[in-house]
Amino acid sequence: MKLTQRQDDGDTRETQDGFPEDRAGDMKDANAIKEADAVKDANVAKDVKDMKGTAADSASAVAGESGDGQAAERAEDERGKEPRRFHIPAWGYALLFVLFDFVTVLMLQWGVTQGSTRVQLSSPLDGVWDLVAKMWTKGNFVIVLNMLLLGLIYLALIMLFNRFWVATPLLLAAAVFVAVVEHFKVSLRYETVSPSDFDFLSSGNAGSLIGFIPSGSGPLIAVSVVAIIAIVALFWAVAHFDARHGKVFSMSGRQGKSVGAVSRILLVVAPLLLFAGYGASVSGVNTFTNSFAKALGDIPSMWDSVYDAQRNGPLVSFMGQVNPHVMDEPADYSEATMRQVAKRYAGEARRINRTRTSNLDDGTVIFVLSESYSDPTRVPGVKVNHDPMPGIRSVKEGTTSGLMLSSGYGGGTANLEYMSLTGLSMANFDPSLTSPYQQLVPGERWTPTVNQMWGDKSNSVAFHPYEPSMYSRASNYKKFGISHFYTLEPPDVIAHQGKLGKSPYVSDQSTYQSVLDEVSKTKSNQFVQVATMQNHMPYHGWYPGNTFKATSSDPSKPLKSDENESIDTYAKGVNLTDKATTKFLSKLDALGKPVTVVFYGAHLPGIYSTASADQDNSLALHETDYFIWSNKASGRQGAKAQGAAYSSPNFFMAQTAEHDNAKVSPYLAFLTDLHGKVSAIEPPVVNKIQGWDRIPEGQPIYLDAKGHPMAAKDFDAKTKRLMHDYQLIQYDITAGKGYLQDTDFMRAK
C-alpha cells in the first residue's frame with residue numbers, strides 16, 4: 001500500500017492507492033475550495049472599493065487645488081463622512097470651568113456696581129475690577145471665595161446634566177438675570193437682594209415685583225434677553241462640534257454605567273452640601289467657615305448692603321445673611337411658660353398703674369439719636385480748652401438724665417436705635433447676630449416697637465438727613481409701622497438740608513427745624529424718630545475759626561497730630577449740637593401741645609487712639625450722655641425719674657413712661673422692674689472700633705445704679721429671674737413662636 005500527499009491551496013489531504021477516494025471527502029474539499037475562492041473575491045472587491053475611495057480622495061484633493069469646490073463637495077458626499085469635530089481633553093474642560101466661573105462672578109459683581117450711593121458717603125465705590133485688583137494691591141482674595149462658592153453650584157449643575165455645554169449656559173443665563181435684578185434693586189432702593197426677598201416671594205407677592213422695575217429699563221431688559229438667547233445659541237453650537245458633546249461621564253457596560261451614575265450623584269450632593277454648610281455656619285462666631293472667609297478677605301460691612309456687596313462680592317455678602325443664629329432657645333420655653341410670664345407682668349403693670357395718671361400717647365414723644373454725640377472732656381487723658389456742651393449739661397441737671405452705656409465705639413448706631421425702639425438688648429442675642437436691622441428685622445413676622453403705642457401708623461414718622469437705605473431703615477421702618485421717613489431721597493424728602501462749614505453732612509440745626517415743622521403742623525399726638533448726621537466721621541477741620549483745642553492731660557504722652565485735628569473738629573461739632581439742641585427744646589417749649597424728648601448719643605467717635613491704647617479705658621469709651629425732657633404743656637417739665645444716673649437704650653421706653661407718669665403695658669412693667677435691679681446692659685465692650693463680623697466674646701456688661709460693673713453670678717434671686725424672663729421674652733419675639741403676640745403683653749391699660 002502506497003501513501004501519497006496532495007496539497008491544494010494550503011489544504012492537505014491523504015489518499016490510499018488501490019482504493020477509490022471518499023466522495024463525501026471530495027465534496028467537503030470542493031466546498032472548502034469554493035469558500036476560499038469567495039473570500040478571495042471579497043478581498044478583491046474590498047481592494048477595488050478602497051481604490052475607488054482613494055481615487056475619490058485624490059479627486060477631492062485635485063479639485064481643491066484647482067478651486068473646483070463642487071467637485072470636492074461631491075467627493076465628500078461620496079465618502080459619507082460627518083462634519084469634523086474637535087476633541088477637548090479633561091484639562092481643557094477644567095480650564096474652561098475656571099474661566100466661566102470667573103466670568104460669572106464678574107457678571108454678578110456688575111449688578112451691584114453703581115455709584116456708592118445717591119448721596120455723599122464716606123464709603124467709596126468698589127467697581128468690578130476692584131474685586132480682582134485688590135488681590136495684588138491689598139492681598140485680599142475675596143474674589144477667590146466668591147469663585148469657590150459659585151464653583152460648587154457650577155459643579156453640581158454639570159454633574160446633574162452630565163453635559164458641560166448645558167450647565168454652563170444655564171449658569172451664565174442665571175447670572176445675567178440675577179445681575180439685572182440686583183441692578184434694578186440698587187437703582188430703585190439702593191439695596192441688594194437679601195434672603196428676606198425670598199420670604200417676600202414665598203408669601204405670594206411675586207406678581208408685585210413688576211413695581212420694582214425702574215422706568216426706562218426697557219433697553220436693559222431687551223439687551224439681557226438677547227444676551228441670554230445668544231449664550232444659549234453659542235453653547236448649543238459649541239456642543240454640536242465637540243466630539244464628546246460636553247459629556248463628562250461616558251462609560252460603557254453595565255458596571256461602567258453604574259460607577260458613572262454613583263459618581264455623578266456624589267458630585268451633585270457633595271457640592272450642594274458644602275454650599276449649604278457654608279451658609280449655615282459662616283455667620284457664626286469662630287466657626288471654620290467664618291475663619292476661612294475672613295482669611296480670604298471677607299470684611300462684612302453691615303451698615304450698607306450695596307457697599308458690602310461691592311466690597312465682598314454679592315454672593316459672599318448674601319451668604320453672610322442667610323442663617324444668623326439669633327439666640328439659643330431657653331430650656332423651659334413653651335406656650336405655657338410664656339403665658340405665665342405674661343400673667344406675672346400683667347399683675348406688675350396693674351400695681352404700677354395705680355399711681356400713673358396718663359398714657360404715653362397723650363402727648364408727642366420724640367426720640368433723638370444724636371450721631372456720635374458724647375462729652376470729649378470725659379475721655380481719659382484728653383483735655384479740651386472750652387466746655388463744648390454747657391447747654392445740654394444744664395438741661396441734664398433739671399430733668400431725668402444720666403450716662404448711657406453704648407454697645408458701640410466708632411460705629412454701631414443702628415443697634416442702639418434698635419434697642420431703644422424695641423426694648424430688646426443686644427446682650428441677649430447670639431454673638432453672630434451683629435446687626436438686627438440687616439440680619440433679623442427683614443425676616444421677622446412680628447416686630448413690636450414703641451411707636452406702635454400711638455395707634456395708626458400715620459401718627460409715626462421718622463427723620464434721617466441721609467440715605468434712607470442705610471441699615472435698611474426704609475424697609476424696616478415700614479415694618480415698625482412708621483408712615484413717613486424723611487431723608488435726602490424721595491419719596492419723603494427732608495425739608496431742610498443746610499450744612500455748616502465744610503462738613504458734608506446736614507446740620508443738626510436743619511434736622512431739628514424739619515422736625516419742628518412736622519410737629520407744629522398737626523394737633524395730633526405723634527411718635528417721632530430722629531437720627532442725626534452732623535457729627536458723623538470723619539473730622540477734618542470742617543469749621544472755619546474753630547477755637548476748640550484738645551491736648552493730652554499727660555505731657556509725657558502727647559496726642560498725635562491727626563488725633564488732635566479730629567478731636568478739635570469733633571469738639572466744635574459737639575458745641576454746635578449743644579446750641580442747636582437747646583434752641584430746639586426752647587421752641588418745643590413754646591408749643592401748646594405736650595412734647596417729651598428722649599435725647600441720647602449713639603456712641604463715641606473712634607478718634608481717641610491714645611485713650612483706646614489702654615485696655616482699662618474700655619468702659620469710659622462706651623458711655624454717652626442722655627436725657628428725657630418735657631415741655632411746659634406736658635405738665636411734666638422738671639420731672640426726674642428714679643435710678644436714671646445710668647441706663648442703656650433698651651430701658652428708654654420704660655423710663656419715658658416713668659418720667660411722664662404714664663401707664664405701662666406688662667412689657668414696660670417688666671423693663672421697669674429690670675431697670676430697678678440692673679441699670680444698664682450691653683454686650684461685651686472693646687476699646688477699639690468694632691467691626692461688623694461679630695460682637696466680642698465674653699460676659700455682657702451689667703452696671704448698677706452707681707455705674708459699677710456687676711457679675712451675673714452675684715445676682716440675687718429676683719434679678720436672676722428677671723434676666724431669665726428677659727431671655728424668654730426676647731426669644732419669643734425674635735426667634736420663637738410669638739406666643740406673646742396673642743396676649744395683651746404689649747398693651748397698656
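**Close-up 1. Surroundings of Glu-371 in the predicted model.** Glu-371 touches Thr-413, Thr-532, Met-533, Asn-535, His-536 and His-603, not counting residues up to four places away in sequence, where contact means heavy atoms within 4.5 Å. The residue is placed in the loop between β3 and β4; helices (H or I, at least four residues) and strands (E, at least two) are DSSP runs, numbered from the N terminus. Glu-371 is buried yet has no salt bridge, and the nearest side chain of opposite charge, that of Arg-473, is 6.1 Å away. Here buried means under 20% relative accessible area, exposed over 50%, and partly exposed in between, with a 1.4 Å probe and protein chains only. A salt bridge is a side-chain nitrogen of Lys or Arg within 4 Å of a carboxyl oxygen of Asp or Glu, and for charge Lys and Arg count as positive and Asp and Glu as negative, whereas His and the chain ends are not counted. This is a predicted model, in which local features need pLDDT of at least 70 and side-chain atom pairs count only at pLDDT 80 or more, while totals for chains, interfaces and linings use all residues. Residues are numbered from 1 along each chain as its sequence is written, and side-chain values use heavy atoms, with hydrogens and water left out.

**Close-up 2. The salt bridge between Arg-473 and Glu-417.** The closest N and O atoms of Arg-473 and Glu-417 are 3.0 Å apart in this salt bridge. The pair links distant parts of the chain, with Arg-473 in helix α17 (residues 473-480) and Glu-417 in helix α15 (residues 413-422), 56 residues apart. Both Arg-473 and Glu-417 are buried.

Close-up 3. A search of the whole structure finds 14 salt bridges, among them the one between Arg-393 and Asp-375, whose closest N and O atoms are 3.1 Å apart. Arg-393 lies in helix α14 (residues 390-397) and Asp-375 in the loop between β3 (364-370) and β4 (382-384), so this pair ties together parts that are 18 residues apart in sequence. Arg-393 counts as partly exposed at 28% relative accessibility, whereas Asp-375 counts as buried at 3%. The side chains of Asp-625 and Arg-378 also meet in a salt bridge, with 3.1 Å from N to O; because Asp-625 lies in strand β11 (residues 623-630) and Arg-378 in the loop between β3 and β4, the pair ties together parts that are 247 residues apart in sequence. Asp-625 is buried at 3% relative accessibility, and Arg-378 is partly exposed at 30%.

**Close-up 4. Strand β5 and its partners.** In strand β5 (residues 400-405), 6 of the 6 residues are buried, so the strand is largely enclosed by the rest of the structure. β5 and β11 pair in the antiparallel sense over 6 bridges, where two strands pair if DSSP finds at least two bridges between them. Strand β12 (residues 646-647) runs parallel to β5 and is joined to it by 2 bridges. Met-404 has Thr-624 as its bridge partner in β11 and stands opposite Ser-647 in β12.
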